[in-house]
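Here is a short briefing to read beside the structure. Take it one topic at a time and find each part as you go.

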Amino acid sequence: MAIVATQSKLGKIVWPVLAWTVALLFFFPIFWMILTSFKTDADAVKPEFLFRFTPTLENYTNMTDNYDYWRFATNSIITSVSATLFTLFVAVPCAYAMAFNPSRGTKDILMWMLSTKMLPAAAVLYPMIFLTKSLGIYDTKFLIVMVLSLINLPIAIWMLFTYFKDIPKDIIEAGQMDGLTTWGEVKEILVPLAWGGIASTALLIFIFCWNEAYWTVRLTTTEAATLSKLIEGNRAPEGLFFGRLSAVSTAAVGPIIVLGWFSQKQLVQGLTFGAVK
Amino acid sequence: MKMKSALRAATAMSLLATGVSADGHATELTIAIVNNGHMINMQTVAEAYTEETGVALTWVSLEEGVLREQVTSDTATGGGQYDVINIGMQEAPIWGEAGWIEALEFGDDYDVDDMLPAIRNGLSANGTLYAAPFYGESSMVMYRKDLADAAGVAIADNDSWDNVAAAAAAMHDPENDVYGVCLRGKPGWGDNMAFVTTVVNSFGGAWFDADGRPQLDSDEWAAAINFYVELLGTYGPPGSEGNSFNEILALYNEGKCGMWIDATIAASFLEVDGVAYAQSPNAGNPVGANWLWAWAMAVPAGSPNAEAANDFIEWATSKAYVEAVGNHPEFGWGSVPTGTRTSTYAIPEFQAAAAFADAELAAIESAAPEATDLKPYVGVQFAAIPEFPEVGSAVAQEIAAALSGAKTVEEALADGQAAADAIMKEAGYYE
Amino acid sequence: MANRTIPRLLQTPAVVLLLFWMLIPLGMTLFFSFIRYVLNNLRNPHWTSPSIENWRGFGNYQFVWGQDSFWLAMKNSLVIVTSILFLTVILGVLIAVLINRSFKGRGIVRVLLISPFFVMPAVNGVLWINMILDPVLGLQGIAVGAINDLQNAPLVGWFFSLWPTLEPISFRATQTSSIAVIMMVVWQWTPFAILIFMTSLQSEDQQQKEAAVLDGASTWSQFRFLTLPHLGRPIAIVVMIQAIFHLSLYAEIEIVSRGNGNKNLPYYIGELVNNNIGAASAAGIFAVILANIVAIFLLRMVGKTLME
């Protein structure tokens with residue numbers, strides 16, 4: 001008994017310290033990036049200015065003045081929000097039908113949907129360019145919204161399906177007895193009950209949309225170019241500009257990290273993929 | 001500025017909401033540029049052009065590889081996305097011949113004959129100019145005079161490789177974070193292979209024979225690569241297989257390199273005191289030991305604003321542009337794009353601001369991109385054939401593997417030869 | 001019958017959209033894979049338009065099959081994905097268990113831990129390979145230099161002189177570049193694993209656990225016999241989702257070393273796409289086959305639990 005007591009006393013110190021150490025290690029690269037973004041390019045590679053340096057906003061002003069940051073950021077917001085909404089709009093009814101009226105084929109359809117996500121994008125690059133150009137939608141926000149929605153649709157349907165599946169069927173049946181229409185079921189029963197799952201799906205999809213960097217770089221020129229494209233334009237300029245690079249990177253990932261922080265509880269609750277029983 | 005972008009953001013939002021597309025009254029040119037200092041400066045200098053002509057300019061700046069990929073995919077599928085594109089000397093003649101880019105026509109004021117002949121030839125196909133040089137470069141030796149003097153060595157113009165290696169050994173002082181020589185090692189046909197090819201050239205080797213058969217199994221290649229791996233492996237900084245222009249520039253400016261053989265343009269970025277220049281080393285071969293490259297501007301076939309694009313290029317590569325940069329309050333004569341026109345080197349303000357001017361001009365003028373018996377293709381550090389990027393990147397990875405010791409030089413060259421051979425066969429050069 | 005119509009109707013938009021997305025581009029890729037199609041070829045200009053007249057049969061497939069770099073890419077694809085899965089699952093379980101108890105600042109610890117998951121892949125690559133791993137200018141170089149300098153330090157210098165001088169490791173080299181990629185992706189995706197495992201641990205049967213503690217079960221056996229089995233399903237989920245994402249890894253490969261030593265299938269295809277579209281398409285079809293094999297394998301694993 002005595003041993004157990006000392007163990008837990010020790011545990012009270014050791015575990016939190018360990019947890020904090022791991023957390024700080026994981027966060028360090030991001031911290032480093034933010035710190036470097038306030039250094040001049042020359043200072044950024046000098047060991048003597050590792051932590052003590054004169055902070056400057058020069059990298060950020062350069063970014064907004066010369067690289068049109070706001071245009072890219074606006075496009076990122078517009079396309080990611082629209083794509084997330086559209087994905088949900090298509091995925092919620094589909095997942096609902098699959099969860100509450102499963103047929104023998106449901107599982108196969110679901111699996112097939114997921115397998116579309118494994119297609120290597122590079123293999124269909126030229127077909128996509130030909131198609132979108134001939135339809136006249138190359139470099140439009142519409143196209144980016146569609147592409148982002150399509151690549152995330154399988155994940156969204158799967159997440160929602162697993163979430164809906166855990167909602168007791170009786171509740172829905174009770175609703176049907178009360179004479180609710182399908183739409184009524186969705187609105188009155190499903191959405192309130194599955195709100196957590198829908199919200200965390202939306203968050204995850206939004207993150208994936210924001211960070212997508214294959215199609216958003218290759219199917220855009222100016223009109224629909226997002227922050228991923230800004231990064232591509234800055235990642236290897238002449239001279240190795242750690243400061244400038246860090247500022248652009250911080251500005252590109254900053255919004256999503258902050259969003260992630262605020263919504264992490266929500267994210268944790270919904271990210272079950274049916275794994276939690 | 002902030003107000004403007006906020007306004008633009010707001011308009012963009014409202015446009016999306018109503019589905020109305022922007023209807024510009026004036027001509028608007030979309031220009032794809034590689035994200036280099038000179039090009040970025042051009043965005044500022046060109047504000048005057050917009051003011052004067054009313055032509056609005058939209059810039060898309062991208063990393064070199066991504067730019068190539070985008071411009072290629074757009075042009076190959078009929079174009080239409082860009083009005084002006086940045087292309088290099090490797091692509092210009094090929095794309096011109098394939099009809100991907102328009103022939104350029106300039107007025108008399110432009111003085112086409114002022115263009116450096118080597119550069120002009122490299123950007124033409126069958127005597128027609130398809131791309132106008134924005135800036136040009138060759139390669140040369142840049143070294144720390146102070147370190148060389150302290151070590152009691154000197155590097156002469158077109159010195160022998162043995163002397164260069166000896167100088168690197170003398171300046172090498174890793175204890176104090178000074179490495180004898182910094183050279184490109186990062187795989188890429190425009191990265192390590194640019195330098196490596198000049199070494200191979202100087203040893204008398206070439207990429208292909210007249211039939212297009214790769215020559216990597218030749219003695220010249222073996223000698224050149226062994227020398228390169230030995231030199232950089234012994235006296236280079238750690239991680240050389242990841243270094244290209246950007247990385248080495250940062251290293252050099254940190255005072256960590258005794259010597260650097262790279263693009264002449266680097267000289268205008270060097271911030272370390274006591275830089276001296278020498279023409280590239282040679283092992284006595286007539287092909288020469290220095291490369292020739294230009295970032296040029298071209299009008300892709302399919303541009304809806306071809307005429308306006310042609311006019312813009314005429315302005316951006318003119319004598320007047322050089323002066324505009326030189327007299328610009330933000331830039332000055334040290335930042336003018338060089339390596340394109342003879343007249344630039346005659347400007348006294350430029351001579352005063354650029355100590356490297358003479359060395360650069362001499363290097364460019366001595367570069368020989370023409371096809372010869374020894375090197376039966378156009379281009380110095382590349383071959384102006386469509387398959388070269390593919391061959392070049394495959395071999396580049398093998399050379400990098402040899403440099404980092406993952407393969408021996410012999411293995412790397414044999415594998416490189418096999419890969420190149422397969423690509424050239426596939427392209428129908430021979431059975 | 002009417003009972004079946006509405007659910008079908010609800011599924012239709014998603015199914016149709018995905019069908020279009022899959023069939024049309026993939027159909028074109030399949031067509032390209034059987035013809036000679038290059039973007040530029042001065043000797044055979046007729047190859048530059050995608051036309052049925054350039055039919056090549058299985059020629060593109062033979063070319064790809066015969067290339068060493070194709071097999072290297074295949075191998076790398078599998079090695080990189082498997083290593084990432086292995087490491088993220090182990091780290092994810094350990095860290096999730098570690099923070100699944102109450103202590104001061106647990107909320108902040110969580111926030112810090114999941115942050116890497118929100119970082120863009122390109123930013124991730126640039127950040128790690130330049131600012132952290134660079135052997136001279138990055139933190140690694142600076143740290144190694146500082147440790148080596150200790151040999152000359154007063155008082156303690158003699159102690160450090162006993163050790164050999166450290167050599168910084170170049171993570172862009174052929175031998176190490178896939179390690180760099182694995183490292184940065186593990187950094188980014190371990191938080192995802194932590195998130196899922198954490199959620200799952202919260203539903204662990206606490207009564208069972210307390211009973212085990214009373215029975216005198218050690219921390220280890222609690223972990224081994226209660227926690228780990230409980231995490232079986234979430235582990236399957238994490239493996240599945242990550243496999244889907246990492247089979248198409250691209251940006252990190254490009255940024256670290258341009259495929260030198262770490263070339264995977266998508267990157268190999270990306271290299272071919274610069275000129276030889278026919279061969280790239282054939283390689284793409286191979287990649288689709290590989291993806292489907294992996295998918296079947298994974299779905300077997302996860303699929304069963306899915307419909308319960």
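This is a predicted model: local features need pLDDT of at least 70, side-chain atom pairs count only at pLDDT 80 or more; totals for chains, interfaces and linings use all residues.

Chain A has 12 helices and zero strands. In chain B, strand E10 is largely enclosed by the rest of the structure. Chain C touches both chain A and chain B.

**Chain A: helices and overall form**
- From the N terminus on, the elements of chain A run α-α-α-α-α-α-α-α-α-α-α-α.
- Chain A has a radius of gyration of 24 Å, whereas a compact globule of 277 residues would have one near 19 Å.
- Along the principal axes, the C-alpha atoms of chain A fill a box of roughly 80 × 75 × 30 Å.
- Of the 277 residues in chain A, 54% are buried.
- Take the contacts in chain A between residues at least 6 apart in sequence: 80% of them join residues at least 24 apart.

**Chain B: an enclosed strand**
- Why is strand E10 (residues 292–298) of chain B largely enclosed by the rest of the structure? Seven of its seven residues are buried, so the rest of the structure largely encloses it.
- In a regular strand the side chains alternate between the two faces of the sheet.
- Both faces of E10(B) are covered. On one side, B:Leu292, B:Ala294, B:Ala296 and B:Ala298 are buried. On the other, B:Trp293, B:Trp295 and B:Met297 are buried.
- Strand E3 (residues 84–88) of chain B pairs with E10(B) in the antiparallel sense, over four bridges. Here B:Ile85 stands opposite B:Ala298.
- Strand E6 (residues 132–144) of chain B also pairs with E10(B) in the antiparallel sense, over six bridges. Here B:Gly136 stands opposite B:Ala294.

- The contact between chains C and A takes 81 residues from chain C and 78 residues from chain A.
- Helix H1 (residues 2–32) of chain C gives the most to the side of chain C that touches chain A, with 16 residues.
- That side of chain C has 62 nonpolar, 15 polar and four charged residues.
- With chain B, 31 residues of chain C are in contact with 35 residues of chain B.
- The side of chain C that touches chain B has eight nonpolar, 16 polar and seven charged residues.

**Confidence in chain B**
- Chain B averages a pLDDT of 88, and 93% of the residues score at least 70.
- Over residues 1–24 of chain B, pLDDT stays under 50. For residues 1–24, the model has 13 contacts beyond four places in sequence.

How values were computed: Residues are numbered from 1 along each chain as its sequence is written. Chains are lettered from A and ligands numbered from 1 in the order in which they are written. pLDDT is the predictor's confidence in each residue, from 0 to 100. Two residues are in contact if their C-beta atoms, placed from the backbone, lie within 7 Å. Ala, Val, Leu, Ile, Met, Phe, Trp, Tyr, Cys and Pro count as nonpolar, Asp, Glu, Lys and Arg as charged, and the others, Gly among them, as polar. A residue is buried if 20 or more other C-beta atoms lie within 10 Å of its own, exposed if 12 or fewer, and partly exposed in between; C-beta atoms are placed from the backbone. Helices (H or I, at least four residues) and strands (E, at least two) are DSSP runs, numbered from the N terminus. Two strands pair if DSSP finds at least two bridges between them. The radius of gyration is taken over C-alpha atoms; the globule rule is 2.2 Å times the number of residues to the power 0.38.
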